[in-house]
Amino acid sequence: MTTLKSADSVNMFPPDFVWGVATSSFQIEGAAVKDGKGASIWDEFCRVHGAIADASNGDIACDHYHRWAEDLDLIAGLGVGAYRFSVSWPRVRPGGAGAWNEKGLAFYEGIVDGLLERGVKPYLTLNHWDLPAELQADGGWAHRDTVHRFVEYACGMAARLGDRVASITTHNEPWVMAMLGHETGTFAPGIKNRKSAMQASHHLLLSHGLALQAMRAQACAARLGVVLNVAPIQPATESAADQAKAQLEDGRLVRWYMDPLFKAAYPPDVLDFLGADAPDVQAGDLQAIATRMDFLGINYYSRSVVSAAEEWDVHDSGYGITDMGWEIYPRGLTDVLLRLQRDYAVPPLYVTENGGAFKDALADGRVNDSERTDYIARHIDAVSEAIRQGVRMKGYMVWSLLDNFEWASGYEKRFGIVHVDYETQRRTLKDSALWYRDFMRRQKALTTQRELLGSGA
Ligand code: FCB
């Protein structure tokens with residue numbers, strides 16, 4: 001076991017810095033057809049032969065739909081300040097248009113009120129990938145009408161819950177939905193077409209901007225933003241070919257989203273690369289995409305080292321590789337945060353996801369997951385280093401509260417700080433959860449101490 005580095009006495013987090021845990025609807029809720037819920041593209045994708053590693057689906061998942069109150073107690077028991085979760089669009093508005101489903105809305109209202117009663121701030125995400133299946137039948141994110149359906153959905157949720165949630169995120173990781181969903185086809189909806197992927201990315205961005213404008217027009221009190229997955233992309237060698245490849249991958253992953261959001265333009269080098277696969281963009285779209293945000297969420301897991309010869313080569317910088325095959329590279333988190341604030345006029349930043357999958361063993365009611373604790377502690381240190389260097393950070397959230405349905409990997413990969421026994425649905429706090437709980441307690445004590453000193457008490 002490696003020794004933990006996180007020395008909270010030297011980590012200076014601002015007093016309003018929020019510590020949290022994150023989940024998403026499809027990955028934990030189950031109850032796939034309960035109380036009027038419609039099908040999502042992930043319900044359908046799970047039925048495709050070979051799409052999910054263990055041939056599983058989200059029908060039951062962590063059964064959170066029935067166990068939410070107990071799960072909220074678990075969250076409150078950890079002492080987190082924030083819980084990031086997502087709403088299943090087909091649960092609240094089956095089919096994505098037409099009548100709303102009151103039972104679905106009541107479910108999320110229960111969660112929001114239950115969090116507030118427990119002193120935990122709700123951070124709501126509208127789209128964590130589970131698009132209503134009927135909208136996919138009409139063309140999904142590659143079809144412009146979906147933009148307008150999403151804006152209606154955002155307005156409906158903001159009207160119902162916008163007065164009580166701390167924040168509303170439009171989309172989680174548009175790159176994943178566009179690229180893995182439409183170019184490689186490894187995620188729902190399983191399309192393999194670059195033009196569709198780029199059109200989907202444009203519609204995701206456009207719907208984000210228009211939804212922000214519409215929610216603000218109805219005086220939504222919650223802070224509004226988007227969550228992007230970012231990583232430093234480094235060339236494997238100094239060769240011109242490797243550097244060009246890294247530059248292009250950075251363009252497709254980071255600048256393709258950050259440039260329109262903050263500069264109202266797509267990066268010219270990526271447009272050149274795309275040629276006829278570039279998305280159709282209408283007059284005014286880019287200005288809408290660049291609508292001011294209140295925060296930007298960053299999901300960080302690893303870096304990418306790329307070479308012109310082979311793609312996504314995994315390096316090991318000495319911290320190891322997770323069960324997903326992702327290199328552990330905490331420094332990259334400091335680097336990307338600094339880079340985003342340097343290159344763009346960003347609002348306050350949150351790390352909205354960070355964590356690792358490891359092979360956990362439950363023995364005598366305990367999971368000794370020191371690798372996960374080490375992963376989290378080192379990345380928290382990386383955040384504190386970014387703050388020390390001047391990045392305006394507002395929070396950090398661990399992915400994930402619970403072991404859950406890890407998309408195409410099914411239930412084989414465990415990201416939770418809480419172990420889930422899928423046979424019994426029993427939850428067990430892993431050692432990493434106990435560590436995180438104690439870490440947050442110490443942080444709280446430090447903040448109180450500083451406030452007392454500051455007030456001269
Ligand atoms: C992110 C997703 C999240 C989870 C983690 C491991 O890309 O947002 O749902 O699957 O990866």
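This is a predicted model: local features need pLDDT of at least 70, side-chain atom pairs count only at pLDDT 80 or more; totals for chains, interfaces and linings use all residues.
## Overall architecture

The protein chain contains 15 helices and 14 strands. Its radius of gyration is 21 Å, close to the 23 Å given by the globule rule for 457 residues, so the chain is as compact as a globular protein of that length. The C-alpha trace spans about 60 × 55 × 50 Å along its principal axes.

Of the 457 residues, 60% count as buried. Among contacts with a separation of 6 or more, 77% are made by residues 24 or more positions apart. The chain exposes about 17300 Å², and carbon and sulfur atoms supply 53% of that area. Gln-282 lies in the loop between α11 and α12 and is partly exposed, with a relative accessible area of 46%.

## Charges and salt bridges

The protein chain carries 46 positive and 59 negative charges, and the mean positions of the two sets are 4 Å apart. Side chains of opposite charge can pair when their charged atoms come close. In the whole structure, 40 salt bridges are found.

One of these salt bridges joins Asp-113 to Arg-164, with the closest N and O atoms 3.0 Å apart. This pair links distant parts of the chain: Asp-113 belongs to helix α5 (residues 102-117), whereas Arg-164 lies in the loop between α7 (145-161) and β4 (167-172), 51 residues apart. Asp-113 is partly exposed at 27% relative accessible area, and Arg-164 is partly exposed at 22%. Both residues belong to a network of salt bridges that also links Glu-102, Glu-109, Arg-160 and Asp-163.

A salt bridge also connects Asp-280 and Lys-195, where the closest N and O atoms are 3.3 Å apart. Here too the pair links distant parts of the chain, with Asp-280 in the loop between α11 (268-274) and α12 (285-289) and Lys-195 in helix α9 (residues 194-217), 85 residues apart. Lys-195 counts as partly exposed, its relative accessibility being 27%.

## A buried ion pair and its neighbour

Asp-369 and Arg-372 form a salt bridge through their side chains, with an N to O distance of 2.8 Å. Both residues of this pair are buried.

Ser-432, in helix α15 (residues 431-454), touches both Asp-369 and Arg-372. Ser-432 is itself buried, with a relative accessible area of 0%.

Nine of the nine residues of helix α8 (residues 174-182) are buried, so the helix is largely enclosed by the rest of the structure. Its buried residues include Trp-175, Met-177, Met-179 and His-182. The cover over the buried residues of α8 includes the strands β3 (121-127), β4 and β5 (223-229), together with the helices α9 and α10 (240-263).

Trp-141 is placed in the loop between α6 (133-137) and α7. This residue is buried, with a relative accessible area of 3%. Trp-141 and His-203 are 62 residues apart in sequence, and their C-alpha atoms are 6.2 Å apart in space.

## Backbone features

Most residues other than glycine have a negative phi, and most peptide bonds are trans. A cis peptide bond joins Ala-188 and Pro-189, with omega about 5°; Pro-189 is in the loop between α8 and α9. Another cis peptide bond joins Trp-399 and Ser-400, with omega about 10°. Ser-400 lies in the loop between β12 (393-399) and β13 (418-421).

Positive phi values occur at Ala-55, near 55°, and at Asp-63, also near 55°. Ala-55 is found in the loop between α2 (41-45) and α3 (64-78), and Asp-63 likewise lies in the loop between α2 and α3. Ala-55 counts as exposed at 67% relative accessibility, whereas Asp-63 counts as buried at 13%.

Note on methods
Residues are numbered from 1 along each chain as its sequence is written. Side-chain values use heavy atoms; hydrogens and water are left out. Helices (H or I, at least four residues) and strands (E, at least two) are DSSP runs, numbered from the N terminus. The radius of gyration is taken over C-alpha atoms; the globule rule is 2.2 Å times the number of residues to the power 0.38. Buried means under 20% relative accessible area, exposed over 50%, partly exposed in between (1.4 Å probe, protein chains only). Contact means heavy atoms within 4.5 Å. Accessible areas come from the Shrake-Rupley method with a 1.4 Å probe; for residues, only the protein chains shown count as cover. Lys and Arg count as positive and Asp and Glu as negative; His and the chain ends are not counted. The place of a charge is taken as NZ of Lys, CZ of Arg, CG of Asp or CD of Glu. A salt bridge is a side-chain nitrogen of Lys or Arg within 4 Å of a carboxyl oxygen of Asp or Glu. Lists of a residue's contacts leave out its neighbours within four places in sequence.
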